[in-house]
Amino acid sequence: MPLLETKEVTKQFGGLTAVDRMDFVIDEGQIFSIIGPNGAGKTTFFNTMTGIYKPEGGQIEFMNQSVIGKRPDQIANLGISRTFQNIRLFGNMTVIENILVGMFTRLRQSAIGIIFRSRYFKGEEEKAHQRVLELMDFVGIGGLGDELARNLPYGMQRRVEIARALSSDPKLLLLDEPTAGMNPHETDEAIALFRRLRDELGITILLIEHDMRVVMGISERISVMDYGRKIAEGTPEEIRANPKVIEAYLGREAMEMSIDGLSDADV
Amino acid sequence: MPELKLNFSTLSQKLFVRLNQGKTPYIFSILYLTLGTTLVYISPRSIIAFLIFISSPIFIYYLRMDTRFKLVIGVVTALVLVPVLGVRNIFLLETIFQISVFAALALGLNIVVGFAGLLDLGYVAFYAVGAYVWAIFGSQQMFLLHSIPGTTSTSGQFFLPASAFYLFLFLGIGLAAITGILLGLPVLRLRGDYLAIVTLGFGEVIRVLANNLDKPINLTNGPQGISPIQRPPLSASLMDALRIFLNPLVGHNVTEGEFYNLFFYLAALVVIVVVIILVQRLDDSNVGRAWTAIREDEVAAIAMGVPLVKMKLAAFAAGASFAGAMGVLFAANRTFVSPESFSFMQSIGVLSMVILGGLGSIPGVIVGAAAVVILNLQVLQGLSLYLSTLRQSGAVIPIINFEWKNLSTQLDPAKYQRMLFGLILIIMMIYRPAGLIPAERRKRELHSRNAAKEDHIEEEIHDVVEEL
């Protein structure tokens, strides 16, 4: 069953077409990757899906409901959550508070309840805290709750960002280069975490990734973008063998030399 | 230089640790408060005595003591010591009133600037809205709508009864909040410097409106301002009853004017306590977290589901409403308002209180407001007074043989208020950029985990009991 479907989505910046008539379907429960060279329009495509950019044309449907024209917070409320390429945590808030912000749409707090500290409000806050602690344990940052987000090491910040994205109970999680800047060991842990997100929490995952080890390791389907267009889509095996993909990554000459080399080295 | 700072801070830390052991804080705070009270009682005009007295709440707040003890000592200070000492020297009461007014303003601005990170340079406009609402309806101005500016009413009658003040306290809050939303709506797309410039313009618009709305209908009486404005009624029998206690303590018959000073001090105290509780509770909720998230990273905040427009408007409205309440109180206290009181410099003044105290820090902002008001009203004016007595006494500085009376009046410290203030801000920005009392995030992981564990243990006990 398709969870998210885009039809002919186009995003232009002045004369530049960053995303060019993207058609794309992600099924519920999939782990899906979008790859492509730098500047291919992957992050722009993410931003269009999450409402940060308004597309010039096309359709985006999430759970059979159009999200075109909706504000980013409304889209987040529908169940699409994300992380950012260059981590965007709330640096001067604690880890717990960061994750609590992610729960904004899930907490029902009225002004009256907040001001008079109603029993309902206290109950909501207490439940929220417990949920945050569970999420922290789940992504492996237990015990860091009272640290300021900006004081954490890079890998931990990535995990906080994922926990924050998870706290809104999303159906679909968009991860923008989640393992960028991680060492091989951290990358392995991240891959394991993504699998658990899908297997244990049932969250559909769409990720942008450069690290072929990650992409080939966990994706069930892969889309390849170049110059704003989808140039290929398929299983990891199909993508690895696709000459168009290799050309996009390495240029035509290199392709002729190293089809075998690339696939061996990167898997 | 940094070494000096380090030494100083470690020294004060050591001192603080020593003060915080066992019964020491109780003894120390009581002694300190007694010392301050006695000094102010003996010499009501001494600045040093006043500074010792007024700094005691800081110790009471920060020393490790039983909360109930803190509460009792705080209530005694606020409801017994300050009124008695204040009636002996009404200037003290006036200073504390102004501290409360500016602390409430600073707390309101702190929501907008400190929490939500929206730089507002026209904040005093909301204060003006509150003040003018009561000024227009609580004076004779409604009878003079069609007269030329400057006419005074001959009837001596007021448009509304004086007790309408209490209603207008709430109307002022509401109207200021609406003004905040109206300002917020068009400027929400703007960020940083652009937002600051537009809010600055808005502040000026309100002041210019107050200045010019004397025609075609004379709503604000123009630059001359509105006077007299009614004060809420005080019951004569209550005053007589209070005189029985107050007169012997104070040493003279307490006048009605002094009772009004007391009343406004208490009213400001109530407002400030309500404001502190509100701000604290808002801060520790979904709303406060959303504001801080917006300050930290707008894009991330909206991607996490925080509705930017709604939350920013809420910040503007909440901040404005406190200013509105204080505006109404201010108009009644002064019985006079004019556009001058709401100049751009006032907005800057409130903003510097927030920055001086610590952006986003509730105790910091209050201390910031107190520091600025005391500097303006007590320290600088006290120094000026001291210099002028020296001038008149004909004293001579030895060695250089300089006669005080030759000292230029241009060197009057009260005239250097802004310069000193700028210097203090610069020094602060270099050595304590986060403010006097920097904002701290709440720590709660350990607490919640322990709570959960206790719940768990309780459940287990419960189960065991049931099995038995």
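Into which domains is chain A divided? In this predicted model, chain A falls into domain 1, made up of residues 2-79 together with 170-266, and domain 2, covering residues 91-168. The centres of these two domains, taken over C-alpha atoms, are separated by 28 Å. Nine residues of domain 1 of chain A and eight residues of domain 2 of chain A form the contact between them. On the side of domain 1 of chain A that touches domain 2 of chain A, helix H2 and helix H7 (184-201) of chain A each contribute at least two residues. That side of domain 1 of chain A comprises six nonpolar, two polar and one charged residues.

As a whole, chain A contains 11 helices and 10 strands. Its radius of gyration is 20 Å, close to the 18 Å given by the globule rule for 267 residues, so chain A is as compact as a globular protein of that length. The C-alpha trace of chain A extends over about 70 × 40 × 35 Å along its principal axes. Buried residues account for 43% of the 267 residues of chain A. Of the contacts in chain A between residues at least 6 apart in sequence, 65% link residues at least 24 apart.

Chain A also meets chain B, with 34 residues of chain A in contact with 28 residues of chain B. On the chain A side, two or more residues each come from helix H2 (72-78), helix H3 (95-102), helix H4 (111-116) and helix H5 (119-139) of chain A. H3(A) provides the largest share of this side, five residues. Classified by residue type, the side of chain A that touches chain B holds 15 nonpolar, 12 polar and seven charged residues. The contact between the two involves 16 residues of domain 1 of chain B and 22 residues of domain 2 of chain B. Helix H3 and helix H4 (67-88) of chain B each supply at least two residues of the domain 1 side, and H4(B) gives the most, with eight residues. The side of domain 1 of chain B that touches domain 2 of chain B consists of 12 nonpolar, one polar and three charged residues.

Helix H15 of chain B was examined individually. H15(B) comprises the 32 residues 362-393, which at 1.5 Å a residue should span 46 Å; the end C-alpha atoms are 45 Å apart, which agrees. A bend of about 45 degrees occurs in H15(B) at Leu375(B). The buried residues of H15(B) include Ile362(B), Val365(B), Ile366(B), Val372(B), Val373(B) and Ile374(B), as well as Gly364(B) and Gly368(B). Against these buried residues of H15(B) pack helix H3 (47-62), helix H5 (90-115), helix H10 (256-283) and helix H14 (344-357) of chain B. Just after H15(B), Gly394(B) adopts a positive phi of about 75 degrees.

Methods: Residues are numbered from 1 along each chain as its sequence is written. Chains are lettered from A and ligands numbered from 1 in the order in which they are written. This is a predicted model: local features need pLDDT of at least 70, side-chain atom pairs count only at pLDDT 80 or more; totals for chains, interfaces and linings use all residues. Two residues are in contact if their C-beta atoms, placed from the backbone, lie within 7 Å. Helices (H or I, at least four residues) and strands (E, at least two) are DSSP runs, numbered from the N terminus. Ala, Val, Leu, Ile, Met, Phe, Trp, Tyr, Cys and Pro count as nonpolar, Asp, Glu, Lys and Arg as charged, and the others, Gly among them, as polar. The radius of gyration is taken over C-alpha atoms; the globule rule is 2.2 Å times the number of residues to the power 0.38. A residue is buried if 20 or more other C-beta atoms lie within 10 Å of its own, exposed if 12 or fewer, and partly exposed in between; C-beta atoms are placed from the backbone. Domain bounds come from an automatic or database domain assignment. The expected span of a helix is 1.5 Å times one less than its number of residues. The bend at a residue is the angle between axes fitted to the seven residues ending there and the seven starting there.
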